[in-house]
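Open the model in your viewer and keep the selection tool at hand. The tour below goes from one selection to the next.

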Amino acid sequence: MKSAWLIGGAALALTSAVVWAQEAPVDLLPPGFDKPAPTPAPTPRSTQAPAPAPAQPGAPQAVPTQSGEVVQPLPQEQVPATADLDLSNLPTLEELEAMSTDELDELFGLKPKYDIPPAARRALERVGVLGAEEGGLPSASLARQPADLVRAVLAGTKGPLVSRWGHILLRRALASRLDAPEGMDPVEFATLRAQALNAMGEYGVSRALVQDVDTGNYSPALTDAAIEAYVASADIVGACPAVRLAEAGRDDAQWQMLAGICNAYAGEETRAQNDLRRLLNRTQDDRIDVLLAQRFAGAAGRGRRAVTIEWDGIETLSPWRFALANALGEPIPDDLLGKAAPELISRSALIPALTPLQRAQGAGIAAAGGILSSAAMVDLYSQIFAEEGAEGDAVQTAARLREAYVGDPAARLAAIKDIWAGGGDYAYGRVVLTAYAAARMPADEAYADDAAGLIASMLAAGLDRDAMRWAGVVDDGSEAAMLLALASPRRAQAVTDGELDSFTDDDDSAGQRKSRMLLAGLAGLGRVGDAEIAEYSERLGINLATPTRWTRMIDRAAEVDNRALVAMLAGLGMQGSGWDRMTARHLYHIVAALRGVGLEAEARMIAAEAVARA
């Protein structure tokens, strides 16, 4: 899949293909950006002593009250002088009577731009939800990087990632409280990050990010990204500040439906229902969308109008229908759910209005992609197990999950394997589900045949120390042993030629993809010798060393120790629908760059995941 980017600035054009994981590596970046500026070490706040700003004529001054106490006046709104008002084009009395409340507010300049008081408004620096002390990246990570480079990387992130751990890493980078690169508008920076999070399916994190920007500062693009995040997470009313206050320049059907809903929840129920009724009369197709909006608006205030939802004749399940139906508790026909895209179904995993049983189908997809953690999956299936009278596959899985924690080891292993077998196309979500149960299994030679699956399950949740208990049990050169060689927090010795030879000989994956990923991961982690890299690169028909602009860029970002840029470039290189679209060369440079900037834990987990899922 290839995309062309038009990037503003000094005539920057990226006419080469986007670095998708499903294609061979190609040039990504334009000339001139192969050497990102190093990020300066931030000066501790405690040592900074900003000089006091000179007093401005007419500005309110702080009022001293007693020794050591200063009272700061509240910010004051600028009120336009009446002499500047243009009274020549006032509407007639009849036109005024026909105007809506919003139109009157717009006419007389009474429409508010902010939904919070002046003293509570926030600056646009360090927008994000995850501070450095909470595991986020340093706020100045991208401040000195070229704006066009950061814009190109973020704009190119347009889909899900093949790696669960790569997804987790990129989400952390995008959610961090970051300053915008020099020369980039902070609102645009927030917009690009929100759009990338939406493309990854991280609508909850995207919603939290846009909420860190005051609505009055929204651009039309940020408004669109915010609306997408709110609708996808079924938080329809949460979108109302953006709908009512932001300048979006939209008048499409979805915007009109949102406006009607928001008017209803603002106390204008009659006007809202009238607007939605007129929209329904003008709509020939997709009438169910307006009916869902009418039902939602009718729940506000004292609305008593009954709205019947009929799914007959509906062939597709759009994001709007999915969100409104779930928010309303309106059952969606099974045939529509069966035809829906997996990315749409995965949204249900985090919609609180749904029951645990309804969330289970999307939970497996979300867990496989990195949206849900293993602990969150266990919590969900524990709730399902506790529901009396519940039936279905999810209930059986919940029962088997309980058996995976109790009883003798053989029975627990049988339960774990049953759970894996029921995952279908998204079986890796079941591997995530059983991570903590697998960690409770004894490292015994009696279960060595299933050690690779148990280790892969543990590593899906980052339980590397639990996995290392099997180091003395598994055979050298086996898949289990090679997973441990990649995942080990402290491996001193390199993997030998004999171990690689044994693994490669037994590899029956398509095109020996597991062997290719193993060699790339070991090389990126520095756990295999140069002679073995050369020998097995030739044997497997791969070349890890040939450079491209993307490889030079991520290597250079690692050299200057910029974690944020490395994480974003790694995410750009891992886009794709599955590990069969990933190249060993991409994996090698991603793992090596992450290791170079101190993200070795993430590098180890990505490398092990590549072998387990190839």
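Helices are DSSP runs of H or I with at least four residues, and strands are runs of E with at least two, numbered from the N terminus. This is a predicted model, in which local features need pLDDT of at least 70, side-chain atom pairs count only at pLDDT 80 or more, and totals for chains, interfaces and linings use all residues. Residues are numbered from 1 along each chain as its sequence is written, and side-chain values use heavy atoms, with hydrogens and water left out.

Select D286 first. D286 lies in the loop between α10 (269-282) and α11 (287-298). Its phi is near 60°, a positive value in a residue other than glycine. D286 is partly exposed, at a relative accessible area of 44% (buried is under 20%, exposed over 50%, partly exposed in between, with a 1.4 Å probe and protein chains only).

Now select S139, in the loop between α2 (101-107) and α3 (147-155). S139 is buried, with a relative accessible area of 18%. Which side chain makes a polar contact with the side chain of S139? That of R126, at 3.4 Å. A polar contact is a pair of N or O atoms within 3.5 Å; within protein, one must be able to donate a hydrogen and the other to accept it, and residues adjacent in sequence count only if both atoms are side-chain atoms. Neighbours within four places in sequence aside, S139 is in contact (heavy atoms within 4.5 Å) with R126, R177, L178 and D179.

Finish at S374, in helix α16 (residues 374-386). S374 is buried, with a relative accessible area of 2%. Residues up to four places away in sequence not counted, S374 touches R164, V432, L433, A435, Y436 and A461.
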